[in-house]
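Please consult the sequence and structure while reading.

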Amino acid sequence: MPSTIKVEIKRQSNPGTTPTTEKFEIPYRPGMNITSLLGEIALNPVDVAGKQTTPITYDSNCLEEICGSCAMLINGKARMACSALVDKLMGSDMAQPITLAPLSKFPVVRDLAVDRSVLFENLKKVKAWVPIDGTYDLGSGPKQFPQVQEQRYPLSNCISCCCCMEVCPQFNDVTNFVGAATIAQAKLFNMDPSGAVLKEDRLRALSGDGGVQECGFAQNCVAACPKELPLTEAISDMGRDVFVQKVKDIFTR
Amino acid sequence: MATAATPATPPLRGVQPLRAGQGNSFFWRKLHSLTGIVPIGAFLIEHIVSNFEALNGPLAYAQQVKFLNSLPLVRVLEWGLIFIPLAYHALYGVFIAIRGRSNVNVYPWAGNWMYLSQRVTGIIALLYIVQHLWRQRFTGVMLPEHPGAAFHKVQMELSNPWMLAIYVVAMIATTWHFSYGIWLFAAKWGITPGEKARKTFGYVCAVFGIALCLMGLASMYAFVGMDKYKNAPEDVMPETTMSAPAASATAPLPAVATVASSK
């Protein structure tokens, strides 16, 4: 049983400053996760050399891998802090330091908190919603076949954590690729009997620069997704649908 | 047609949002993907199958070269279905490769390695093809006009062990790039969307790629390893001189006569 947990955290106090690494040693307790570890540091923000510092800033909310806010680089890999268990991150000798860093492809706000607005903007670009706003009661929606519902449900599990985008070799500031999450949500709403009314808009949006064509099929997204969304299948399906739409548009628009 | 105005985008730092419906990169990327299958992939199969004739000896190989060069509009076919699509595929491929940010060091997963391998094999194939075209197609004995000299020309090239090594590496890289390219094509164009379909088709592409590679390597063996074809004559059809297409365009009758008389 180790006596302490060693943690190395990449920190910066505001978006403009150069990041530095601070080291901490926290008394060991079994069964901790990264968010409880960060909470422990906040209780007593003193680094390994005894220097007083500030609590670590990070996003978190639900603490049960359903809100998507606590994604960060844990031992270098993108994952959710709440479901990352300290006991499994300390190596076989239970003595390895755990490294924490903010997601590398999103602008840092402070410490481990990053600005993931690009996903929200992308979801707006593909109109990832059902357009039923109105001034009167529209009654119940159209029925869905259970087969369609079974395909849609896994896609509806997306928690917008952005892990799929962080791990994607094509998601960078050169390609400005839209990322797997948005493509999957476009499929989710295209398959909705009411949402399908905006299907062509979504497909045309996804054919723009940075659209579905930028995918290089490295399949990191589907491997990293904490909610196990069928992301590669969604990219494949949307790739076909966008192509068919573009061909239709040549002859009909 | 239902439409809804797209909400305004605030300025963001870092990776920028989708440029919905803007630009032509979809067309160029799909063209890159398609040209890899047809005509370039189809040509690669033809090239490897044709080279396989080398196993039947210098004369059979020469006849295959002669047959290909007697196809109607052969220079148009060569430029329109090979050189131009290949140049586009290669240049756009380099453009794709330099825009990617490989991260196999952090995420050493199978698909991620294949992503990197597709870029590495593509670059190897490009470098190889440039020298291959220069040394075998555009310099030395002109094979379209002297098909009989084909076997000797290739044999001389492969007699250099360094060049042989380059050819072996390039054969593996090219067939790898093509077979994984077929798999990628099927995945990205939505032909094999499901996990199971992609896995099954992966085996199909692997078997196909290995078969193509082995055929190519076997043809190389005919040039350097088979005793009965050692020291092949410089030209096995010295009487055959096929007219250049420029000449045949201006004077078609003598060109036909030359080919006919050589039979």
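**Strands and helices**

Reader: In which sense do strand S3 (residues 71-74) and strand S4 (residues 77-80) of chain A pair?
Author: Strands here are DSSP runs (E, at least two residues) and helices likewise (H or I, at least four residues), numbered from the N terminus. Two strands pair if DSSP finds at least two bridges between them. S3(A) and S4(A) are joined over 4 bridges, and the sense is antiparallel.

Reader: On what conventions does this description rest?
Author: Residues are numbered from 1 along each chain as its sequence is written, while chains are lettered from A and ligands numbered from 1 in the order in which they are written. This is a predicted model, in which local features need pLDDT of at least 70, side-chain atom pairs count only at pLDDT 80 or more, and totals for chains, interfaces and linings use all residues.

Reader: Which residue takes a positive phi in the hairpin of S3(A) and S4(A)?
Author: A:Leu73 has A:Ala78 as its bridge partner in S4(A). The hairpin has 2 residues between the strands. The positive phi, near 50°, belongs to A:Asn75.

Reader: What is the order of the strands in the open sheet of chain A?
Author: S3(A) also pairs with strand S5 (residues 98-101) of chain A, in the antiparallel sense over 2 bridges. There, A:Ile74 has A:Leu100 as its bridge partner, and A:Leu73 stands opposite A:Ala101. The sheet has 5 strands with mixed pairing, in the order S2-S1-S5-S3-S4.

Reader: Which are the edge strands of chain A?
Author: In the open sheet of 5 strands, an edge strand pairs on one side only. The edge strands are strand S2 (20-27) and S4 of chain A.

Reader: How many helices and strands does chain B have?
Author: Along the sequence, chain B follows the pattern α-α-α-α-α-α-α-α-α-α. The count is 10 helices and 0 strands.

Reader: Why are H1(B) and H7(B) described as oblique to each other?
Author: The axes of helix H1 (residues 25-37) and helix H7 (residues 161-188) of chain B come within 10 Å and cross at roughly 135°. Axes are lines fitted to C-alpha atoms, for helices over the stretch in contact, and angles run from 0 to 180 degrees between N-to-C directions. Angles under 35 degrees count as roughly parallel, over 145 as roughly antiparallel, 65 to 115 as roughly perpendicular and the rest as oblique. The relation of H1(B) to H7(B) is therefore oblique.
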